[in-house]
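Trainee: I'd like to learn how to read a model like this one. Can we walk through it together?

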Amino acid sequence: MSFELSLNTGTTPQLSLQEAVDAVAAAGLSHIGPWRHLLEQAGGAEKAAQIISGAGLSATTLCRGGFLTPADAAGRAAALESNRAAIREAAAIGTGELIMVVGGLPSAAHLLGGEGDRADKSIVDARARVADGIAELLPYAAEHGVRLVLEPLHPMYAADRAVLSTLGEALDLAAPHPAETVGVVVDTFHVWWDPQLQEQIARAGREGRLASYQVCDFNLPIAADALKSRGMMGDGHVDFPTISRWVAEAGYTGPVEVEIFNEEINAQDAAVTLETMKTRYADLVEPFLTAASAHTPSAAV
């Protein structure tokens, strides 16, 4: 079983793609999960692919597609085109997994620099537009060998970032489509609290949709910018041994990404972050993945 550690570049926002790749390689890791803006800064997806492969690394995922909830025709068209570009970029850097943060309500779009009807607070309609958008993108994604990986976010982000809050919701949205085209990601920060988490992780494994495992902690108190409330594994309140066992028992054997948005961690030297990542992963995550996988007859990745 591999369970290789991967740096999601959201953890090191001060680094360019080349700098992040160099830091990952220097730390002895072989996987990286880049964000799209780093590809653009590097000169495009093809150049980014050369930077990643030139260091002997593999891309685990691409962050991110999604934001499929605009209610107006122009906003919807722009969202679909952005996602098609993300699909092409994922294929170019050699990952088949495009993380999808599906988007929030039109009433909150201005909080992220977008436009929307501030009176439109229908989460039911927003979720329906997400379903329609996924269905529309699927042929294009399949043509490029890319899976759309739905990410449920903690409910505190439902208004502005993701109208999908639970793994069960994400799996229900994926259900009409083949597992090789729509998957889900388990991000511990977002789903640790869910009373149905064990059941839904097992379901994701049975359905062959468990596409990615992302780890970081849930810190308290919540930061002034709620997006920055993530922490290094072991610093907060997530039960990593239990969730990791559930993920391995569901058949997952792929890379494990560390994605942390935290003012202090994001500002510190990347070498320190990577060494801490490795130590905490070795103590709190990997042993429980390995132990559980030893008793699991089949894998779903």
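Mentor: We'll go from the overall fold to the core, and then to one helix.

Mentor: This is a predicted model, where local features need pLDDT of at least 70, side-chain atom pairs count only at pLDDT 80 or more, and totals for chains, interfaces and linings use all residues. Residues are numbered from 1 along each chain as its sequence is written, and side-chain values use heavy atoms, with hydrogens and water left out.

Trainee: How many helices and strands are there in the chain?

Mentor: Helices (H or I, at least four residues) and strands (E, at least two) are DSSP runs, numbered from the N terminus. Here you get 12 helices and 11 strands. The radius of gyration is 18 Å, close to the 19 Å that the globule rule gives for 301 residues, so the chain is as compact as a globular protein of that length. That radius is taken over C-alpha atoms, and the rule is 2.2 Å times the number of residues to the power 0.38. The C-alpha atoms fill a box of roughly 45 × 45 × 40 Å along the principal axes.

Trainee: What percentage of the residues is buried?

Mentor: Buried means under 20% relative accessible area, exposed over 50%, and partly exposed in between (1.4 Å probe, protein chains only). By that rule, 55% of the 301 residues are buried.

Trainee: Which residues have the most contacts inside the largest nonpolar core?

Mentor: In soluble globular proteins, nonpolar side chains tend to be buried together. A nonpolar core is a set of buried Ala, Val, Leu, Ile, Met, Phe, Trp, Tyr and Cys residues joined through side-chain atoms within 4.5 Å. The largest one has 86 residues, and those with the most contacts inside it include Ile 134, Leu 148, Tyr 213 and Val 247. Apart from it lies another core, of 7 residues, among them Trp 35 and Phe 261.

Trainee: What is Val 247 in contact with?

Mentor: Contact means heavy atoms within 4.5 Å. Leaving aside neighbours within four places in sequence, Val 247 touches Val 186, Ile 201, Leu 210, Tyr 213, Tyr 252 and Leu 289.

Trainee: Is helix H9 mostly covered or mostly open?

Mentor: Mostly covered: 7 of the 10 residues in H9 (residues 240–249) are buried, including Phe 240, Ile 243 and Val 247. Just after H9, Gly 251 takes a positive phi of about 105°.

Trainee: And where is Gln 198 found?

Mentor: Gln 198 sits in helix H8 (residues 197–206). With 42% relative accessibility, Gln 198 counts as partly exposed.
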